[in-house]
Amino acid sequence: MGRHKQPEIRDRILDACVDHALVHGLPDRLEPFATASGTSARMLIYHFGTRDALLRETLRRARRRQRDFFGELVSPRPEEPYPSTLRRAWQVMTGPDGRPYLTMFGRLREDAEQQLWPGFRRESTTDWLQPFEEGMRGMGRPELATLVLAVVRGLIMDIETTGDVARADQAFDDFLAALALLAETPATSGNREVPTAPTTFDG
């Protein structure tokens with residue numbers, strides 16, 4: 001009789017691969033994953049089929065962790081102004097606990113790794129809209145969630161490109177100040193008249 005695969009072993013191996021990839025990036029060979037998970041390349045193939053299949057599952061498991069982690073950070077909290085929630089979320093996302101996820105998924109914008117997850121660009125653009133909408137609904141302007149998402153994504157790409165965290169932090173604080181002004185302006189149907197933002201906001 002053939003050996004039966006044990007889901008709990010496969011799950012443990014996958015978690016170990018995710019932990020490794022968040023620190024070191026996706027490997028070109030199976031050996032780093034084998035070492036990190038305490039197994040062999042042959043057993044990795046046995047459990048996951050191919051190297052690319054393991055890499056795809058590693059990315060998806062890491063993305064699930066990120067969505068749970070970041071989703072909790074940006075979810076609205078009772079009796080806390082949402083801009084304060086966003087400021088704290090930004091600090092954690094761009095700090096030591098959040099940066100490994102930003103680095104991993106920032107690389108998926110590159111063509112070579114994009115092949116592992118062809119629909120990632122679209123999915124990563126839309127999957128944060130709901131928590132931002134919930135937060136902005138508390139300010140009476142759920143439609144501004146798209147603006148919040150665009151600014152967060154843009155500044156994260158800026159950090160990944162330049163490494164200038166201090167400048168991005170200042171830009172995000174300026175954005176929150178502008179967001180508070182926008183939220184004070186009632187939404188109207190049709191053409192909306194947008195108030196002039198403070199001069200410190202690069203928008």
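How are H5 and H11 oriented to each other, roughly parallel or roughly antiparallel? Let's work it out with the predicted model on your screen.

Start by finding helix H5, which covers residues 82-93, and then helix H11, residues 165-184. These two pack at an angle of about 165 degrees, and their axes are 10 Å apart. Angles over 145 degrees count as roughly antiparallel, so H5 and H11 are roughly antiparallel to each other. The crossing of H5 past H11 is right-handed. If you want to see who touches whom, look on the H5 side for Pro 83, Leu 86, Arg 87 and Trp 90. They meet Ala 168, Asp 169, Phe 172, Asp 173, Leu 176 and Leu 179 in H11. Sorted by class, that contact has seven nonpolar and three charged residues, with no polar ones.

Now stay on H5 and turn to another partner, helix H10, which runs over residues 145-162. The axes of H5 and H10 come within 12 Å and cross at roughly 25 degrees. Angles under 35 degrees count as roughly parallel, and therefore H5 and H10 are roughly parallel to each other. This crossing is right-handed. From H5, the contact uses Leu 86, Trp 90 and Met 93, while H10 brings Val 148, Val 152, Leu 155, Ile 156 and Ile 159. Check the classes here and you'll find eight nonpolar residues, no polar ones and no charged ones. Notice Leu 86 and Trp 90: they take part in the contact with H10, and they also turn up in the contact with H11.

Next, follow H10 to helix H6, residues 99-106. H6 and H10 pack at about 85 degrees, with 11 Å between their axes. That makes them roughly perpendicular to each other. Arg 99, Leu 102 and Thr 103 of H6 touch Ile 156, Ile 159 and Glu 160 of H10.

Which helix gives the most to the lining of the largest pocket? That's H10, with six residues. Helix H4 (51-74), H6, helix H8 (120-126) and H10 each supply at least two. By class, the lining has 13 nonpolar, four polar and five charged residues.

Conventions: Residues are numbered from 1 along each chain as its sequence is written. This is a predicted model: local features need pLDDT of at least 70, side-chain atom pairs count only at pLDDT 80 or more; totals for chains, interfaces and linings use all residues. Side-chain values use heavy atoms; hydrogens and water are left out. Axes are lines fitted to C-alpha atoms, for helices over the stretch in contact, and angles run from 0 to 180 degrees between N-to-C directions. Helices (H or I, at least four residues) and strands (E, at least two) are DSSP runs, numbered from the N terminus. Angles under 35 degrees count as roughly parallel, over 145 as roughly antiparallel, 65 to 115 as roughly perpendicular and the rest as oblique. A crossing is left-handed if the near helix is turned anticlockwise from the far one by less than a right angle, and right-handed if clockwise. Contact means heavy atoms within 4.5 Å. Ala, Val, Leu, Ile, Met, Phe, Trp, Tyr, Cys and Pro count as nonpolar, Asp, Glu, Lys and Arg as charged, and the others, Gly among them, as polar.
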